[in-house]
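I opened a new page for this model. My plan was to go from the whole chain to single residues.

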Amino acid sequence: MSPNATAAMGRYRAVMTETDREYISGEGDATDHQVQQSVTRVRSRINDELPRDIEILREHRPDLLEELQEVVCEE
């Protein structure tokens with residue numbers, strides 16, 4: 001895929017979508033229920049999706065796993 005096609009599709013999310021970021025940070029106009037839904041979605045990504053991604057990186061791209069660890073563990 002060309003870089004221009006990727007840019008046209010938009011940015012990918014990491015653990016949070018833009019909406020999750022707005023709701024959780026308090027910047028969005030969200031109800032308490034919407035904030036809790038975002039928290040639940042993020043928690044699910046951390047506990048369910050991220051471990052699977054880490055295993056794939058560990059096996060196939062340890063260099064990328066190292067980059068991820070540097071970002072996550074530095075903060």
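I began with burial. Of the 75 residues in the protein, 8% are buried. I kept in mind that this is a predicted model.

Next I looked up the surface. The protein exposes about 6400 Å². Carbon and sulfur atoms supply 51% of that area.

Then I turned to secondary structure. I found four helices and zero strands. Read from the N terminus, the order of elements is α-α-α-α.

I also checked contacts along the sequence.

Now single residues. Is Arg45 buried or exposed? I placed Arg45 in helix 3, which spans residues 32–60. Its relative accessible area is 12%. The cut-off for buried is under 20%, so Arg45 is buried.

What does Arg45 touch, leaving out residues up to four places away in sequence? I listed Arg13, Val15, Met16, Thr17, Asp20, Leu50 and Pro51.

My last stop was Glu74. I found Glu74 in helix 4, residues 62–74. Its relative accessibility is 65%. Exposed means over 50%, so Glu74 counts as exposed.

Which residues gather with Glu74 in a patch of negative charge? I noted Glu66, Glu67 and Glu70. The patch lies on the surface.

Arg45 is buried at 12%, whereas Glu74 is exposed at 65%.

Conventions: Residues are numbered from 1 along each chain as its sequence is written. This is a predicted model: local features need pLDDT of at least 70, side-chain atom pairs count only at pLDDT 80 or more; totals for chains, interfaces and linings use all residues. Side-chain values use heavy atoms; hydrogens and water are left out. Helices (H or I, at least four residues) and strands (E, at least two) are DSSP runs, numbered from the N terminus. Buried means under 20% relative accessible area, exposed over 50%, partly exposed in between (1.4 Å probe, protein chains only). Contact means heavy atoms within 4.5 Å. Patches are made of residues with over 30% relative accessible area and no salt bridge: like charges are joined within 9 Å, nonpolar side chains (Val, Leu, Ile, Met, Phe, Trp, Tyr) within 5 Å. Accessible areas come from the Shrake-Rupley method with a 1.4 Å probe; for residues, only the protein chains shown count as cover. A salt bridge is a side-chain nitrogen of Lys or Arg within 4 Å of a carboxyl oxygen of Asp or Glu. Lys and Arg count as positive and Asp and Glu as negative; His and the chain ends are not counted. The place of a charge is taken as NZ of Lys, CZ of Arg, CG of Asp or CD of Glu.
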